[in-house]
Amino acid sequence: MNITILGSGSFASAMAMHLAALDHSVLLWSIDNEQVDAINLTGYNTFCFKDMKLSENIKATLSLEKALDFSEWYIMAIPTQFEREVLEKIARITKAPGHMLNLAKGIEITTGNLLHTVHAEICPNFTYSALSGPSHAEEVAIGCPTCVALASKTPGEAEAWQKIINGNNFRIYTSDDVVGLEVGGATKNIYAVAAGIARAMELGDNAVAALACRGLAEIMRLGHKMGASPLTLSGLAGVGDLMVTCYSMHSRNFRLGLAIGQGKTFDQAVAELGQVAEGAYTVRAVVENSKKFEVELPLAESLYRVIYKNESPQALLSELLARPPKPEMRF
């Protein structure tokens with residue numbers, strides 16, 4: 001079948017390669033003329049996976065109108081903070097019904113909203129689903145075994161996407177907990193940045209494991225207040241994604257934290273990374289939401305202070321460890 005992917009970054013490209021291997025025809029929408037020409041004329045992507053020949057089932061376009069006309073099945077692979085802008089362009093082009101699967105992991109900074117809320121506000125004509133879980137693009141592109149969760153509130157919608165995407169070492173588990181999936185996918189990036197800082201500071205494996213575990217506690221506290229199921233956050237979209245993001249060099253958020261922990265400023269670290277690391281931006285929205293929902297998130301607040309107030313990670317570590325002892329499990 002025909003599938004449109006809105007976006008042309010690493011995960012969009014990896015998903016295109018996976019879908020093409022399942023014999024789907026894929027049209028990537030990009031704003032990069034050089035990338036579009038290279039994909040269409042040479043079969044190679046100039047942005048990522050440059051040495052991998054693309055299937056003939058993959059084409060690219062600069063035209064959003066052509067991308068939307070190609071299919072009624074759309075995959076959104078746009079960085080979170082740009083989704084509203086793209087959705088507003090889509091809404092001006094079409095009001096026709098369709099199916100939208102969102103791959104982005106983040107919270108909109110300007111509103112503090114999860115992405116399903118943004119989509120419902122601007123493009124209510126699309127039936128919405130979201131995908132999340134431990135799925136580095138680099139591994140999806142080469143067919144490494146990958147398991148993810150896919151959620152939709154509309155009965156049968158997650159199962160429809162499951163039939164389209166599942167296969168060739170890429171396994172889909174369905175859910176109706178869109179909130180839980182999006183909370184887990186967004187917030188885990190925060191703790192991956194913190195894990196990178198801890199690794200650069202050479203705090204040891206014990207410290208990084210404790211950070212990831214206490215990060216999960218914060219994710220579950222916030223998720224509980226926002227209506228997420230703890231079962232979702234203990235699964236692929238929560239624990240699974242948190243583990244892979246906190247321990248892998250494939251993780252942009254982890255690498256951003258490494259650079260900050262090595263003494264680089266936030267701006268220097270971002271420039272060195274050269275790609276979007278959502279955790280650095282999501283932490284702003286999460287800290288605001290923690291006030292709104294009256295949730296204590298000391299690790300997230302500490303990362304916010306490191307990035308946006310230039311406070312010392314070492315000083316904040318001492319402050320965190322000096323906090324009064326408390327029970328482990330509590331909401």
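Helix H11 (residues 236–247) lies across E6, strand E7 (146–151) and E8, running at about 145° to E7, where contact means heavy atoms within 4.5 Å and angles run from 0 to 180 degrees between N-to-C directions of axes fitted to C-alpha atoms, for helices over the stretch in contact. This is a predicted model in which local features need pLDDT of at least 70 and side-chain atom pairs count only at pLDDT 80 or more, while totals for chains, interfaces and linings use all residues. Residues are numbered from 1 along each chain as its sequence is written, and side-chain values use heavy atoms, with hydrogens and water left out.

**Sheet**

- Eight strands form an open sheet with mixed pairing, in the order E3-E2-E1-E4-E5-E6-E7-E8; strands are DSSP runs (E, at least two residues), as are helices (H or I, at least four), numbered from the N terminus, and two strands pair if DSSP finds at least two bridges between them.
- Strand E3 (58–61) and strand E8 (170–175) each have a single partner strand, so one side of each edge strand lacks a neighbour in the sheet.
- Strand E1 (residues 2–6) and strand E2 (residues 25–29) run parallel and are joined by five bridges, with Leu 6 opposite Trp 29 in E2.

**Helix across the sheet**

- Helix H4 (residues 83–93) lies across E1, E2, strand E4 (73–76), strand E5 (98–102) and strand E6 (126–132), at about 155° to E4.

**Positive phi in loops**

- Asp 23, in the loop between helix H1 (10–21) and E2, has a positive phi of about 75° although it is not a glycine, and Asp 23 is exposed at 62% relative accessible area (buried is under 20%, exposed over 50%, partly exposed in between, with a 1.4 Å probe and protein chains only).
- Asn 169, in the loop between helix H7 (157–165) and E8, has a positive phi of about 75° and is partly exposed at 47%.
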